[in-house]
Amino acid sequence: MFRTMMKAKLHRARVTEANLNYVGSITIDQDLMDKVDILPHEKVQVVNNNNGARLETYVIAGERGSGVVCLNGAAARLVQPDDVIIVVSYAIVNEEEMAEFKPKIAIMSEDNQVMEIIEEESPLTVLPL
């Protein structure tokens, strides 16, 4: 059996730009992507804490150290600069991988710096007996 599991999350990132005239996607500082293991072109879900909007898109690597979090194309209609968002990446995991599977969560500061990395436990260790 395969399960779709949360793999990575940027928790409370701040939108720095919204570019309606770009082809589409979300641009994220490459350093932030590296910290939680999100790759360019990877599918992500974006949740806007300010207005409740949810969307799926793919990631484009932004300039390292810039703190950029920019929604592009049609997604720019669902966010404004300074909105607080959550970016979630998922993975399809088989039963054999589940025991070693540990999602990473980056807790973000107001200026898009990582304040803390939380490595979650394997879902198998948190299940009630």
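Is Arg-64 buried, partly exposed or exposed, and why?

Author: Arg-64 counts as partly exposed, because its relative accessibility is 48%. The cut-off for exposed is over 50%, and buried means under 20%, so a value in between is called partly exposed. Keep in mind that this is a predicted model.

Now look at the partners of Arg-64. One is Asp-31, and the two form a salt bridge. Their closest N and O atoms are 2.6 Å apart. Arg-64 sits in the loop between strand 5 and strand 6, while Asp-31 belongs to helix 1, so this pair ties together parts that are 33 residues apart in sequence. Asp-31 is partly exposed, with a relative accessible area of 28%.

Asp-34 also forms a salt bridge with Arg-64. Here the closest N and O atoms are 2.7 Å apart. Again the pair links distant parts of the chain: Asp-34 is in helix 1, Arg-64 is in the loop between strand 5 and strand 6, and they are 30 residues apart. Asp-34 counts as partly exposed, at 41% relative accessibility.

Next, take Gly-65. Gly-65 is placed in the loop between strand 5 (54-62) and strand 6 (69-72). Gly-65 counts as exposed, because its relative accessibility is 52%. Leaving aside residues up to four places away in sequence, Gly-65 touches Asp-29 and Asp-31. For a sense of distance, the C-alpha atoms of Gly-65 and Leu-10 are separated by 15 Å. Those two residues are 55 apart along the chain.

Asp-29 leads us to strand 3. The bridge partner of Asp-29 in strand 5 is Gly-62. Strand 3 and strand 5 run parallel, joined by four bridges. Strand 3 is also joined to strand 6 by four bridges, but this pair runs antiparallel. There, Ile-26 has Leu-71 of strand 6 as its bridge partner.

How enclosed is strand 3? Five of its five residues are buried, so strand 3 is largely enclosed by the rest of the structure. Ser-25, Thr-27 and Asp-29 point one way. Ile-26 and Ile-28 point the other way.

Val-23 lies in the loop between strand 2 (17-19) and strand 3 (25-29). Val-23 counts as exposed, because its relative accessibility is 80%. Together with Tyr-22 and Tyr-58, Val-23 forms a nonpolar patch on the surface. The three have about 330 Å² of accessible area together.

Back to the charged pairs. The model has five salt bridges in its count. One of them joins Glu-42 and Lys-7, with the closest N and O atoms 3.1 Å apart. This pair too links distant parts of the chain, 35 residues apart. Glu-42 is in the loop between helix 1 (30-36) and strand 4 (43-48), and Lys-7 is in strand 1 (residues 2-14). Glu-42 is buried, because its relative accessible area is 14%. Lys-7 counts as buried as well, at 17% relative accessibility. Compare that with Arg-64, which is partly exposed at 48%.

Note on methods
Residues are numbered from 1 along each chain as its sequence is written. This is a predicted model: local features need pLDDT of at least 70, side-chain atom pairs count only at pLDDT 80 or more; totals for chains, interfaces and linings use all residues. Side-chain values use heavy atoms; hydrogens and water are left out. Patches are made of residues with over 30% relative accessible area and no salt bridge: like charges are joined within 9 Å, nonpolar side chains (Val, Leu, Ile, Met, Phe, Trp, Tyr) within 5 Å. Accessible areas come from the Shrake-Rupley method with a 1.4 Å probe; for residues, only the protein chains shown count as cover. A salt bridge is a side-chain nitrogen of Lys or Arg within 4 Å of a carboxyl oxygen of Asp or Glu. Helices (H or I, at least four residues) and strands (E, at least two) are DSSP runs, numbered from the N terminus. Buried means under 20% relative accessible area, exposed over 50%, partly exposed in between (1.4 Å probe, protein chains only). Contact means heavy atoms within 4.5 Å. Two strands pair if DSSP finds at least two bridges between them.
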